[in-house]
Amino acid sequence: MTGSTENYLERRRLRTGAAGWVLLAGLGVSYVISGDYSGWNFGLAEGGFGGLLIAGIVIAAMYLAMVLGMAELSSALPAAGGGYTFARRALGPWGGFATGTAILIEYAIAPAAIATFIGAYVESLGLFGITDGWWVYLAAYLIFVGIHIAGVGEALKAMFVITAIALAGLVVFAVAAIPLFDPANLVDIAPTDAAGASPFLPHGWLGIWAAVPFAIWFFLAVEGVPLAAEEARDPARNVPRGIVAAMLVLLVTGAAVLVLATGAIGAEALSASGNPLVEALGGSTAGVVVNYVGLAGLVASFFSIIYAYSRQTFALSRAGYLPRVLSVTNSRWAPVLALVVPGAVGFCLSLTGQGEVLLNMAVFGAALSYVLMMVSHIVLRRREPGMPRPYRTPGGTVTTGFALVIAVLAVIATFLVDPVAAGATLGAFALFMLYFGLYSRHHLVAAAPDEEFAALAKAEEELT
């Protein structure tokens with residue numbers, strides 16, 4: 001390695017050994033926990049309780065299968081690029097960049113959606129007399145991007161504490177909601193004349209499909225745990241343990257809020273709420289507590305997804321797929337511009353105040369990346385069976401093949417819910433690919449870890 005190459009990578013170095021598997025599991029839960037507090041309930045308007053329940057079961061199975069596949073990939077290829085790293089090895093530069101771009105779209109837009117939900121919670125509390133959400137959005141981005149710039153160790157520990165508080169809030173909610181539960185509330189949306197419509201499925205069979213993007217909100221971004229691989233201790237062992245543990249926690253919390261919140265107040269009332277758990281508990285003391293703690297849950301996901309988008313931007317930039325200046329780190333090993341630039345884009349999107357639309361856009365990027373990551377797992381199992389895999393997916397390609405099929409259906413479902421938003425997101429994805437095709441694919445950095453993984457694989461293939 002030449003001196004200039006060493007200097008290039010030295011200026012783009014992350015802090016190693018900052019997280020064990022418990023912190024990584026906390027990070028995985030932190031990514032997602034805002035989805036328990038807000039956003040999922042819009043799926044009740046699309047499919048009713050039955051449609052969202054069935055969609056939720058299918059999506060939970062998809063995520064569990066996908067997480068098991070990613071646990072294998074992250075143990076074999078531990079780098080900050082996460083899904084992009086996996087796809088780069090399996091599908092080449094085009095496939096790697098397509099996957100990284102889809103993930104980046106997801107992580108840049110998801111905090112914007114969460115910011116609008118934070119605004120709804122803050123306004124419902126009457127804090128500081130705030131009635132206009134954009135002040136909240138700006139403060140959230142400035143404060144939490146600033147904490148990340150201070151360094152990853154501090155950020156991960158702060159995330160863990162906030163996430164623990166948010167989980168405690170869900171326990172408070174569950175205890176308070178159980179006495180309010182009425183099974184009749186689950187099916188209080190009047191059936192339409194759609195095919196298969198009933199009180200359980202008021203919008204018929206198609207409503208199940210339309211509810212899929214909102215079911216994804218229960219788990220969206222848990223796949224970001226491998227993005228911490230370069231900053232973890234013993235990543236081949238701890239990343240798989242962390243992501244699987246996070247998924248198991250989220251299965252429990254998602255099921256609890258779906259059933260208990262809907263049963264406490266009714267699907268009709270909950271279907272358009274900006275703070276569903278609070279409204280489900282009414283004006284009770286527990287409702288006030290959950291409102292404050294719910295704000296912590298939203299902040300936890302907002303905070304952690306900022307981490308995720310910065311690491312995805314960092315990895316793509318370090319390898320030359322995006323402008324290289326975005327991957328330069330400061331004295332505390334934080335990629336400053338990778339934190340600031342996507343944050344500025346997200347803040348601008350949050351000004352629309354359309355949390356439901358932004359949610360669907362983020363889900364489009366996520367589902368597209370899931371398709372590509374599951375294809376990557378299948379390709380690597382077939383093409384490189386001898387690649388060292390400290391962890392192996394139970395069921396192998398059958399498991400990830402199932403996740404692949406559901407992910408394809410999820411991509412289509414985003415167009416079913418909001419074709420304009422999904423189409424706009426697809427347009428943004430196409431512009432990224434055009435940039436890669438015309439410019440960045442000619443300026444890749446061979447010494448970047450993800451490119452070295454791919455070069456090593458190619459050399460081994462040539463030898464055999």
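How many residues does helix α9 have, and how far does helix α9 reach from its first C-alpha to its last? The answer comes with the first view.

This is a predicted model, in which local features need pLDDT of at least 70, side-chain atom pairs count only at pLDDT 80 or more, and totals for chains, interfaces and linings use all residues. Residues are numbered from 1 along each chain as its sequence is written, and side-chain values use heavy atoms, with hydrogens and water left out.

View 1. Helix α9 (residues 235-265) has 31 residues and reaches 44 Å from its first C-alpha to its last, close to the 45 Å expected at 1.5 Å a residue. Helices here are DSSP runs of H or I with at least four residues, numbered from the N terminus, and the expected span is 1.5 Å times one less than the number of residues. Next after α9 comes Gly266, with a positive phi near 110°.

**View 2. Helix α2, largely enclosed.** Here we look at helix α2 (residues 21-32), whose 12 residues should span 16 Å at 1.5 Å a residue; the end C-alpha atoms are 17 Å apart, which agrees. Because 9 of the 12 residues are buried, α2 is largely enclosed by the rest of the structure. Buried means under 20% relative accessible area, exposed means over 50%, and partly exposed is in between (1.4 Å probe, protein chains only). Among the buried residues of α2 are Leu24, Leu27, Tyr31 and Val32.

View 3. The structure holds 1 cavity of 30 Å³ or more, and the largest cavity has a volume of about 40 Å³. A cavity is a set of points, on a 1 Å grid over the protein atoms alone, where a 1.4 Å probe fits but cannot get out; lining residues have an atom within 4 Å of a point. Points are joined across faces, edges and corners, and the volume is the space filled by probe spheres set on them. The lining consists of Tyr31, Val32, Ser34, Gly35, Ile114, Trp217, Leu220 and Ile305. Two or more of the lining residues come from each of α2 and α3 (34-37). By type, the lining has 6 nonpolar residues, 2 polar and no charged. Ala, Val, Leu, Ile, Met, Phe, Trp, Tyr, Cys and Pro count as nonpolar, Asp, Glu, Lys and Arg as charged, and the others, Gly among them, as polar.

**View 4. Glu72 pairs with Arg381.** The closest N and O atoms of this salt bridge are 2.8 Å apart. Glu72 sits in helix α4 (residues 42-76) and Arg381 in helix α14 (residues 355-383), so the pair ties together parts that are 309 residues apart in sequence. Both partners are buried. A salt bridge is a side-chain nitrogen of Lys or Arg within 4 Å of a carboxyl oxygen of Asp or Glu; the structure holds 4 of them. Glu72, Arg381 and Arg389 are linked in a salt-bridge network.

**View 5. Glu384 and its arginines.** Glu384 meets Arg89 in a salt bridge (2.7 Å, N to O). Glu384 lies in the loop between α14 and α15 (397-417) and Arg89 in helix α5 (residues 83-125), 295 residues apart. Glu384 is buried at 12% relative accessible area, and so is Arg89 at 9%. Glu384 also forms a salt bridge with Arg383 (3.8 Å, N to O), and Arg383 counts as partly exposed at 41%.

Terms used: On a 1 Å grid over the protein atoms alone, a cavity is a set of points where a 1.4 Å probe fits but cannot get out, and a pocket is an open set with protein on both sides within 12 Å along at least five of seven lines; lining residues have an atom within 4 Å of a point.
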